[in-house]
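Please examine the sequence and the structure shown below. The paragraphs that follow lead through them step by step.

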Amino acid sequence: MTPADPTALEAIGAVNREFVLSGQLPAETFRRRQRLYEDRHVGDYGVARSIDEPTARRDLEDAVWLPSACRALVDEHRR
């Protein structure tokens, strides 16, 4: 998956449209997900900068938070 990969961009857009805009996930979801996506590409491809420790720590926290938020949404819909 590259930054211009239409499948990745469509998936990000679909999550935003279906779950964030509908209020099922908090508005910060898109911003966190987008930052993780961009920082991952910096880490993978070294795009003009590197990731410092505070950014890496924030990314780790968000990487743990995002699937937890999605899991809570799935669990809520199973009830």
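A salt bridge is defined here as a side-chain nitrogen of Lys or Arg within 4 Å of a carboxyl oxygen of Asp or Glu. Side chains of opposite charge can pair when their charged atoms come close. A search of the whole structure finds six salt bridges. The model is a predicted one, in which local features need pLDDT of at least 70 and side-chain atom pairs count only at pLDDT 80 or more, while totals for chains, interfaces and linings use all residues. Residues are numbered from 1 along each chain as its sequence is written, and side-chain values use heavy atoms, with hydrogens and water left out.

We begin with helix α2. Helices are DSSP runs of H or I with at least four residues, strands are runs of E with at least two, and both are numbered from the N terminus. Helix α2 has 18 residues and reaches 26 Å from its first C-alpha to its last. This is close to the 26 Å expected at 1.5 Å a residue, where the expected span is 1.5 Å times one less than the number of residues. Just after α2, Gly 46 takes a positive phi of about 60 degrees.

Which residues of α2 are buried? The term buried means under 20% relative accessible area, exposed means over 50%, and partly exposed lies in between (1.4 Å probe, protein chains only). The buried residues of α2 are Thr 29, Arg 35, Leu 36, Tyr 37, Asp 39, His 41 and Val 42. Thr 29 has a relative accessible area of 2%. Not counting residues up to four places away in sequence, Thr 29 touches Val 20, Trp 65 and Leu 66, a contact being heavy atoms within 4.5 Å.

Arg 32 forms a salt bridge with Asp 62, and their closest N and O atoms are 3.3 Å apart. Arg 32 lies in helix α2 and Asp 62 in helix α3 (residues 53–78), so the pair ties together parts that are 30 residues apart in sequence. Arg 32 is partly exposed at 22% relative accessibility, whereas Asp 62 is buried at 5%. The charged end of Arg 32 also sits over the ring of Trp 65, 4.1 Å from its centre; this requires NZ of Lys or CZ of Arg within 6 Å of the ring centre and within 35 degrees of the ring normal.

Within helix α3, Glu 53 and Arg 57 are four residues apart, about one turn of the helix. Their side chains meet in a salt bridge (2.7 Å, N to O). Salt bridges that share partners join Glu 28, Arg 32, Arg 35, Asp 59 and Asp 62 into one network.
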